[in-house]
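Subject: The structure you are taking over

Hi,

Here is the structure I said I would pass on. Have a look at it first, and then read my notes below.

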Amino acid sequence: MLWRRNLFAPLAALALALTASAGAGTAAAATDTTVVAAASPTASAADDFGAPGPYATAVEVGAITTLYYPRDIADSDRRHPVIVWGNGTGGVPLVYRDLMLHWASQGFVVAAANTPMSNLGISMRASIDMLTGRNADRGSIFFDRVDLEHIGASGHSQGGAAAIVVGSDPRIDTILPIQPGPLANINAVRVPALLLAGQRDSIVFPALVKAFYNAADHIPALYGEVRGADHFTVVGDPGPFAAPTTAWFRAQLMGDRTAGAPFFGPGCGICTDTATWSDVRRNSLALSVPAATP
């Protein structure tokens, strides 16, 4: 399809550029698993979801999945929720590294499928299976530290469609598709959804994302159109996508009431933030969710 052909070349080129600039440590994947330590973030204010979280992060590059996670997870005093991620056409997790590390710094285990063709969600489901095994393995740093009761699905473009596809899996608790491609059926999803579009996206037009939102009348669903964003704004530095995606997952997967305030109740923050959003919509089921109970 045209949107796939248009997307493949720039994402593939960017992946190569980022790989070259990341250094040999991140790019080397000759063995099945490579572990790369990432920088320690500064602690952020409780409601500054665009700022790095309190956790230092690490990266593990596997054959099927790249994991971004709190570096000291083995010594953590809590279990960490999971976000499974799907790449855009021709993309790899490295393209979205900044967003993945941002979520990991906020306390999530991010399992990014390595495939550049993620639409079917096969690798994303396999990531959950893999983490289930690692969580049960006493020899793993993830032993009993992964919160498998709270799992979200996200992705960009073709990977956004994959997040919708995977949203039908009973293990998934929420979905956050970013500029999702058209090959998905949101009618099969039974969990809350935040669907993000870019105002200036000429590959996945906002109208295509609105169509998913309009069809999602059976679940709490929100539509957010990021002002001025094109299809590649989320690539590299995620900019305006970092804070709302983090807040959504903290609200849905961690029960963070402060994080739910931008989306729910009469004080809906994203509804009045016209500097960030060019269009925000909430369906009747989302309107019925009180701010204090995301």
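Let me start with two strands: β4 (residues 80-86) and β5 run parallel, and four bridges join them. One spot to look for along that pairing is Val84, which stands opposite Ala111 in β5. Before you go further, bear in mind that this is a predicted model.

Now step back along the chain to helix α3. Just after α3 you will come across Gly107, which takes a positive phi of about 105 degrees. The helix is mostly covered, with seven of its nine residues buried. Those buried residues are Leu99, Met100, Leu101, His102, Trp103, Ala104 and Ser105.

What does Met100 touch, apart from its neighbours within four places in sequence? The contacts are Tyr68, Trp85, Val110 and Ala112. Along the chain, Met100 and Val110 are ten residues apart, and their C-alpha atoms are separated by 6.5 Å.

α3 also packs against another helix. Two packed helices are described by the angle between their axes and the distance between the axes. For α3 (residues 97-105) and α7 (residues 242-254), the angle is about 40 degrees and the axes are 11 Å apart. The two helices are therefore oblique to each other, and their crossing is right-handed. On the α3 side, Leu99, His102 and Trp103 make the contact, and on the α7 side it is Ala242, Thr245, Thr246 and Phe249. Sorted by class, that contact has four nonpolar residues, three polar ones and no charged ones.

Two loop residues are worth a visit too. Ser118 sits in the loop between β5 and α4 (122-136). With a relative accessibility of 3%, Ser118 counts as buried. Leaving aside neighbours within four places in sequence, Ser118 is in contact with Gly86, Asn87, Gln158, Gly159 and Ala162. Gly86 takes you back to β4, which covers residues 80-86.

The other one is Gly167, in the loop between α5 (158-166) and β7 (174-178). Is Gly167 buried or exposed? It is buried, with a relative accessible area of 3%. Again leaving out neighbours within four places in sequence, Gly167 is in contact with Ile172, Ile175, Val189, Arg190 and Val191. Of these, Arg190 is 23 residues away along the chain from Gly167, and the C-alpha atoms of the two are separated by 7.3 Å.

That is what I have for now.

Cheers

Technical notes
Residues numbered from 1 in each chain as written. Predicted model: local features only at pLDDT ≥ 70, side-chain atom pairs only at ≥ 80, totals over all residues. Heavy atoms only, no water. Axes fitted to C-alpha atoms, helices over the stretch in contact; angles between N-to-C directions. Parallel < 35°, antiparallel > 145°, perpendicular 65-115°, else oblique. Left-handed = near helix turned anticlockwise from the far one by under 90°. Contact = heavy atoms within 4.5 Å. Nonpolar A, V, L, I, M, F, W, Y, C, P; charged D, E, K, R; others polar. Buried < 20%, exposed > 50% of the residue type's maximum accessible area, 1.4 Å probe, protein only. Pairing = 2+ DSSP bridges.
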